[in-house]
Amino acid sequence: MQVNKHIQVTMDKIQHFPVLCWKTSKKVGAEDPRRIIHSLKVGLSLTLVSLLYLIEPLFKRLGSNATWAVMTVVVVLEFTAGATLCKGLNRGLGTLLAGSLAFFIEGVANRSGRVFRACFIGAAVFLIGAAATYMRFFPKIKKNYDYGVVIFLLTFNLITVSSYRVDNVLKIAHDRLYTIAIGCGVCLLMSLLIFPNWSGEELHNSTVLKLEGLAKSIEGCVNEYFFDTEIDENKESCSGDQIYKGYKAVLDSKSIDESLALQASWEPRHSSHCYRIPWQQYVKLGGVLRHFGYTVVALHGCLQTEIQTPRSVRILFKDPCTRVAREVSKALIELANSIRNRRHCSPEILSDHLHEALQDLNKAIKSQPRLFLGSNRNKASNMLALAAAEAGQKRCRSGGSLSSVKTDSSALMEWKTKRASEQSREAERKVLRPQLSKIAITSLEFSEALPFAAFASLLVETVAKLDNVIDEVEELGRIACFKEFINGDDHEEQHITVKCEKPKINVSQNQLSSVSGAE
């Protein structure tokens, strides 16, 4: 039966495999149509270099060395122009240096006897291999030229060692160098001239998407925190997924940003104004956004804590919290638009509405002193609840401590009864222990206010960290020569590099201290 069941499951998978492949292919292409174009470019490049084999005169000239052109296309041609340039130039430079050094060593070795020649080649391979491998640990070489050093080692050893047994190694090296140059040329032609994908543009667009994702996450957190109880669970889980996706892209972006910035540094200045774009400033901005994202993660965590503030209490602060989140999201969206349009941010990015919302939140917290400062009646009831919990725990521990001297039969019956009661109490204690812990926690004086106080504090913290994000975006605009902000017209082409003055908001000293004091 089990075998038949496994066979049936396997057959079902085989039947649904073509449909699954089609759906996956359609989804991948719909997410980014450039992937389809890149696949066609790779196929066309492989077809062009395969002509070295298919055309008879070319094959007679190059022979089996034509395979190096195919290998070069497979290895070098990447999705973005920067990555292709980095790999192509590294491969070409490594091959050229290795060939030159190998010919020099071959010329020196040919002047000696056969035994000394073998020893000299062995020593050269050891010294060059050790030195080149050690140089790979240099930070700058590891960052920019690691692939070139690997190609250098491979080419140098192939030419040097094979020269001991092969007589026409010079011709073989020339042919390999030509085919590699042909492969690199085809890759560069496809990457730079035919629907190019620039690493710099990829980094630029990903920064915009990260700002927009954080804006959606913050607004989604606040909306879900104050959502109506009648909203079904499917909508709630869908909202949670959107919040998670918004900040996950920011937290996972460090290696991607650094890689794109490195590849963009190899690209030529292809913009209409030929400005030198500060790609490392994008990496620095990404670091600031990750620190901002940590606060959003903590804000999202407040939605999933075990102890929650009752909705009747949350509703008292819904309006100011929603307004604060809306203004922070609006500021992040404005920063995203400024980077997208390569212009400075609006001077009114931190509007008076944000100040008013913070002040209203501060007033709302101060208007409910009993929630945050407690009362004597609540204190007395909390003490009673704690005392009841402690008494219940003591009763569970102290039952049946006294014993009396009885006959053997009565003592046996009493022992059995006592044993059964102890086992039932032990099982009851295991069930009651989490409940007693929750009773003890919820009976604390600030149990209703503490979860909301943490949520409000993190919300105000996002406002405080927003200032760092604005500073980095303005610094990026200043270095990259973004155009001046023009009210009502975001697309006008006026490249006047006048830095916009943004109003400062002293959140950490006023509103943040007020909320912290109220907690």
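## Residue L44

L44 is found in helix 2. The model is a predicted one. L44 has a relative accessible area of 42%, so this residue counts as partly exposed; that class lies between the limits of 20% for buried and 50% for exposed.

## The nonpolar surface patch

L44 belongs to a nonpolar patch on the surface, together with L48, L51, Y53, L54, I55, L58 and F59. The accessible area of these residues together is about 660 Å².

Two or more residues of the nonpolar patch come from helix 2 (34-54) and from helix 3 (56-62). Helix 2 supplies the largest share, 5 residues.

## The largest nonpolar core

The largest nonpolar core contains 62 residues. F292, L332 and L335 have the most contacts inside this core. The elements giving two or more residues to the core are helix 10 (199-225), helix 11 (233-251), helix 12 (254-264), helix 13 (279-301), helix 15 (318-340), helix 16 (352-366) and helix 20 (450-479). Of these, helix 20 gives the most, with 12 residues.

## A separate core

Another core, of 13 residues, lies apart from the largest one. Among its residues are I105, I141, F152 and I159.

Note on methods
Residues are numbered from 1 along each chain as its sequence is written. This is a predicted model: local features need pLDDT of at least 70, side-chain atom pairs count only at pLDDT 80 or more; totals for chains, interfaces and linings use all residues. Side-chain values use heavy atoms; hydrogens and water are left out. A nonpolar core is a set of buried Ala, Val, Leu, Ile, Met, Phe, Trp, Tyr and Cys residues joined through side-chain atoms within 4.5 Å. Buried means under 20% relative accessible area, exposed over 50%, partly exposed in between (1.4 Å probe, protein chains only). Helices (H or I, at least four residues) and strands (E, at least two) are DSSP runs, numbered from the N terminus. Patches are made of residues with over 30% relative accessible area and no salt bridge: like charges are joined within 9 Å, nonpolar side chains (Val, Leu, Ile, Met, Phe, Trp, Tyr) within 5 Å. Accessible areas come from the Shrake-Rupley method with a 1.4 Å probe; for residues, only the protein chains shown count as cover. A salt bridge is a side-chain nitrogen of Lys or Arg within 4 Å of a carboxyl oxygen of Asp or Glu.
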